[in-house]
Each structure stands twice: as structure tokens, then as C-alpha cells.
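This briefing concerns a single protein chain and the packing of its elements. Please consult the sequence and the structure shown below.

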Amino acid sequence: MHGRFRWKAILALVVCSTLLGVGWYFVHKYQMKSIHDRFLAQATRAEEAKPPQYGRAARFLRIYLLAKGDDTAALARYGVLIEEKLAQNLQTRRDALGVYERVLAQDPTRKDILMRAVKLSMGLGRVDDALRHLECLQRIDSLDPTIDLLLGDCKVFRGKQEVIKAKQQIQWDEAEGHYRAAMRRAPHKLEPYVRLALITSCF
């Protein structure tokens, strides 16, 4: 009789402990979400302040991302903030590109971030990285004339680095092909005509 009562008491204790544990888990999860959301809200307030406090906004986003690094939207927002508002030197531009690489590792279909990564890579002289991202962009939208234009720019950059005339000519020819493709897809745009004229004058 006493043994049966003891087992019932133990079972009740186990059930109560389990319920308390589950309840604590969900309370803790809710509290952490609330804390994380506050960091995002503070980042927004800092950006919208008069005058804007971009450095403060970046700090709040960085803290948020320490816990929620898989939040691709917040990660992209952080990268854009660094590039557009805080990239005053070479290192911060590299930091912004590193953030974009993290975004693309999570979501390689982000065309807006791919385009930013291409332009930033080119600005940093990292043409191979730019071409890698442009290949991804081509798979997403093969008819975008901007992609052809940027491919041409990459080939021109490579051509300027070549010291052997024959290899340089190959880069010029490929650049011309990309510029002409951009012209066909967007005949109203001036940029490919200007770029083509510039490389033609180098032949």
C-alpha cells in the first residue's frame, strides 16, 4: 500500500517537473524573442533619429545578429548600413562585402545583394569574386542588361592587368561581346555604347 503511494507520488513529481520545465522553456523563449526584437527596434530608432545615428544602429544590429545570425533580412540590412553609411575606408568596405557573403551563403538567390556584392568586389579590385557573383546573377536573370554591362567591365579590368598583348585582346573581345549584348537588350541605355567606344579606342 505504502509502496503504491510512493510510486504515485514519484510519478506526480516527475509529471510536475516536466510541465514546469516545458513551461519555463516557452517562457524563456518568449523572453529572448522579446529581447531580440527590442534590439531591432532600437536599431530602427537610431536610423530614424534626427540626425541619424548610424553607428549606434549598426551596434544594435550586430548584437542582435550574435544571437540571430540566421536572420537573413537583418544580416542584409546590416551589410547595406555598413556599405552605404559607414564605409569610409577600405576595411569597412571589406566588412560590408563579408556580410554580403554571409547573406548569400544563406540565400544565394538574393539578386539585390548579389548586385551589391558585384559592385563592391569590383571597387575592391576583387574581379574573380565579382565574376563569381555575376555567374549566379546570370542563372537568376540571364536577360538583365546590367549583368552584361558589369561582365564587360570585369573583362576590361582583367584586360588592363594583362601584360601579354594577345591575352589582353581576348579580354577586350569578351568585353565587347558583353557590351553588345547589353545594347541589344537595352538599346535605350547609354552606358554600353560609351563603354564600347572606350575599349574600341584602345585597340
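The model is predicted, so local features need pLDDT of at least 70 and side-chain atom pairs count only at pLDDT 80 or more, whereas totals for chains, interfaces and linings use all residues. Residues are numbered from 1 along each chain as its sequence is written, and side-chain values use heavy atoms, with hydrogens and water left out. The chain holds 9 helices and 0 strands; helices (H or I, at least four residues) and strands (E, at least two) are DSSP runs, numbered from the N terminus.

**Overall make-up**

- From the N terminus on, the order of elements is α-α-α-α-α-α-α-α-α.
- The chain has 203 residues, of which 33% count as buried. Buried means under 20% relative accessible area, exposed over 50%, and partly exposed in between (1.4 Å probe, protein chains only).
- The accessible surface of the chain comes to about 12,800 Å², and 60% of that surface belongs to carbon and sulfur atoms. These areas come from the Shrake-Rupley method with a 1.4 Å probe; for residues, only the protein chains shown count as cover.
- Among contacts between residues at least 6 apart in sequence, 50% join residues at least 24 apart. Contact means heavy atoms within 4.5 Å.

**Helix pair α7 and α9**

- The axes of α7 (residues 145–161) and α9 (residues 191–200) come within 11 Å and cross at roughly 20 degrees. Axes are lines fitted to C-alpha atoms, for helices over the stretch in contact, and angles run from 0 to 180 degrees between N-to-C directions.
- The helices α7 and α9 are therefore roughly parallel to each other. Angles under 35 degrees count as roughly parallel, over 145 as roughly antiparallel, 65 to 115 as roughly perpendicular and the rest as oblique.
- The crossing of α7 and α9 is left-handed, a term used if the near helix is turned anticlockwise from the far one by less than a right angle, with right-handed used if clockwise.
- Leu 149, Asp 153 and Val 156 of α7 make the contact with Glu 191, Pro 192, Arg 195 and Ile 199 of α9.
- By class, this contact of α7 with α9 has 4 nonpolar, no polar and 3 charged residues. Ala, Val, Leu, Ile, Met, Phe, Trp, Tyr, Cys and Pro count as nonpolar, Asp, Glu, Lys and Arg as charged, and the others, Gly among them, as polar.

**Helix pair α5 and α7**

- Helix α5 (residues 111–123) packs with α7 at an angle of about 20 degrees, and their axes are 11 Å apart. The two helices are therefore roughly parallel to each other.
- The crossing of α5 and α7 is left-handed.
- On α5, the contact is made by Met 115, Val 118, Lys 119 and Met 122; on α7, by Thr 146, Ile 147, Leu 150, Asp 153 and Cys 154.
- The residues of the contact of α5 with α7 divide into 6 nonpolar, 1 polar and 2 charged.

**Helix pair α3 and α5**

- The axes of α3 and α5 are 12 Å apart, and the helices pack at an angle of about 35 degrees. The crossing of α3 and α5 is left-handed.
- Ala 76, Val 80, Glu 83 and Glu 84 in α3 meet Ile 113, Arg 116 and Leu 120 in α5.
- The contact of α3 with α5 comprises 4 nonpolar, no polar and 3 charged residues.

**Buried residues in helices**

- His 36 lies in helix α1 (residues 2–48) and counts as buried at 12% relative accessibility.
- Leaving aside neighbours within four places in sequence, His 36 is in contact with Tyr 64, Ala 67 and Lys 68.
- His 36 and Ile 63 are 27 residues apart in sequence, with their C-alpha atoms 8.7 Å apart in space.
- Thr 72 is found in helix α3 (residues 72–86) and is buried, with a relative accessible area of 17%.
- Not counting residues up to four places away in sequence, Thr 72 touches Val 103, Gln 106, Asp 107 and Arg 110.

**Loop residues**

- Pro 51 is found in the loop between α1 and α2 (54–67). The peptide bond from Lys 50 to Pro 51 is cis, with omega near 0 degrees. Most peptide bonds are trans.
- Lys 189 lies in the loop between α8 (165–185) and α9 and is partly exposed, with a relative accessible area of 33%.
- The C-alpha atoms of Lys 189 and Thr 146 are separated by 9.9 Å, and the two residues are 43 residues apart along the chain.
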